Amino acid sequence: MNTRIFSTIGSRLLGALPSLAAVIVVTFVIMRLLPGDPAAFFAGPAASAEAVEQIREQLGLNRSLPVQFWDYLGDLAQGDFGQSFTTGQPVAADLVSRLPASLELTIVALLIAVVLGLPLGVLSATRPNSWVDQVTRLVTTTGTCLPTFFTGLVLIYVFYYLLGWSPAPLGRLDLMYSPPPEVTGFYTIDAVLAGDWEVFRSALAQLILPAVTLGFFALAPLARMTRAGLLGVLSSDYVRTARACGLSSRVVLTRYALKNTLVPILNTMGMVFSYLLGINVLVEKVFAWPGVGSYALEALVASDYAPVQGFVLAIAVLYVLLNLSVDIACGLVDRRLAR
Amino acid sequence: MERRELVYLLKQNPLTPLAIIMFAVLVFAALFGSVISPHDPFASNTADALQAPSLTYWFGTDQLGRDIFSRVLVGAQTDLGIALAAVLLAAAVGTFLGATAGFYGGRTDATIGRFTDIVMAFPLFVLAMAIVAALGNSVINVVYASAIINMPFYVRVVRSEVAVLRGAGFVEAARLSGNRNPRILWLHIMPSVMPPLVVQMSLNMGWSMLNAASLSFIGLGIRPPSPEWGIMVADGAQYIISGQWWVAFFPGLALTLAVLCFNLLGDGLRDIIDPRQRK
């Protein structure tokens, strides 16, 4: 049993390698397509032609593309993503320090979506055409057509400007507080670990609106997929048989139906997480959230391309790993898929 | 299709007629927006900056005193145009690739499949961002980026349909009457693939509009002062916390309704075209 689980995980790991390679190659190609001459950029506007040439040599930009690609792989292997000239820091260090902010936001958003979306889907599938079903339909329809940046602004207007319940949408923490000592990089968890409840409250208050904005977007596909998957399973023969055998509807639902809906739900969650990783950029901009998305945006505006490239690569690798874990989880949930 | 059936379908889904009306309004605004707009969408008038909605300025004015209603009206053309161009391009290239992959199978299929896998290996919005950043910040590059991230869906839809139809009896018959492969594929098989393709395109239009507006919201693609809904929301974002909600609200609402319109239209079309998928 255990060896089978490990061989499943091993084969999935191998299966993720081509995607990883593709992501690295495409990011490299995109970087080479970038407009402008990085050497001229680094040398500054006043540099002479020789100085630019010298920098080009230093950066290795005069070598052939395959050689440059090989160098690039070497740099990546050493965790070298290049240098950001807007922050003056190595891109890798910047990304590592900002990634927790993005992850905290995304994970809380996904939690909100799961906690609301799964019950909505289950309720509407077990009671088709009831008022719960209508509410679900409304939520999923609006959720797929509301632009996230617009939802965020509406929430800010209502909860910050009109009601005054939320703090100003500026970052992760009220200016009065300093960040908790870093353990996980998630302010809410770190504050709890440090036992600092005021900071926890402030971090949570800042987090709620952006997380709800993102979560609302993720809610729609989750609720819809849960409903559709469960409806399909509930009309299957084995559910009919289980009912005919006199099992209570709760047992039928939890032990038979939900378990078989889990795989499509897990797959949808993977897809939703990928949306969230992209949409993060928009929400981070709206809420001045200091994550990797707003980092990439600031760099993009300043034509500072190393951070943009690092961001794309980091997010893409994160996504490959995520798909991998979804695959593994599906294999563990449904042993028929494990082969 | 019989009229009775059409009436029945429209009654079953009362949202479809609504979507058709919204679609008509949208197309009308895109075609005649600049003719019927009550004010000049570009004319700034700082004396009237940030006016709340009134009878003169139905949607209020922005920070330069420009009429937001006129700008929303004229912006329809930009947003709709970009989405339409991206969807048509993605559908054309995606259909060609998907049909080739599904019809010939084997190594062709594997190569094209690998290509779509590579695109799908990225979170799509991030890929679009990277493509626009790499190709240069212009409208046409937003179209290309949107087309590239939409393409895999067309490849998959068309490929699976063609792969099934390849072995159908009418294809055998066409071959026995002496038709060559390209003719069989494009004249005999493709007409049957059109219905799911059209549904996919309609659903895709809404998503493309969201994408293009999101890209311009973060400053990629269309440049100010062009009236475009994403930029207008971005412009209005800073006034939300001081209570001037209308600057961002109306363009955002227009975008939401346009996306809703295409989503409903896609669902309605699917009901009409593909009876198996009816709820």
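In chain B, B:R156 forms a salt bridge with B:D117, with 3.5 Å between the closest N and O atoms; a salt bridge here is a side-chain nitrogen of Lys or Arg within 4 Å of a carboxyl oxygen of Asp or Glu. B:R156 lies in helix α6 (residues 139-165) and B:D117 in helix α4 (residues 106-120), so the pair ties together parts of chain B that are 39 residues apart in sequence. Helices are DSSP runs of H or I of at least four residues, numbered from the N terminus.

This is a predicted model, in which local features need pLDDT of at least 70 and side-chain atom pairs count only at pLDDT 80 or more, while totals for chains, interfaces and linings use all residues. Residues are numbered from 1 along each chain as its sequence is written, chains are lettered from A and ligands numbered from 1 in the order in which they are written, and side-chain values use heavy atoms, leaving out hydrogens and water.

B:R156 is partly exposed, at 40% relative accessible area, and B:D117 is partly exposed at 39%. Buried means under 20% relative accessible area, exposed over 50%, and partly exposed in between, with a 1.4 Å probe and protein chains only.

Let us turn to chain A. A:R137 forms a salt bridge with A:D133, the closest N and O atoms being 3.6 Å apart. Both residues lie in helix α6 of chain A, four residues apart, about one turn of the helix. A:D133 is buried at 1%, whereas A:R137 is partly exposed at 32%. Together with A:R227, these two residues are linked in a network of salt bridges.

Key: Helices (H or I, at least four residues) and strands (E, at least two) are DSSP runs, numbered from the N terminus.
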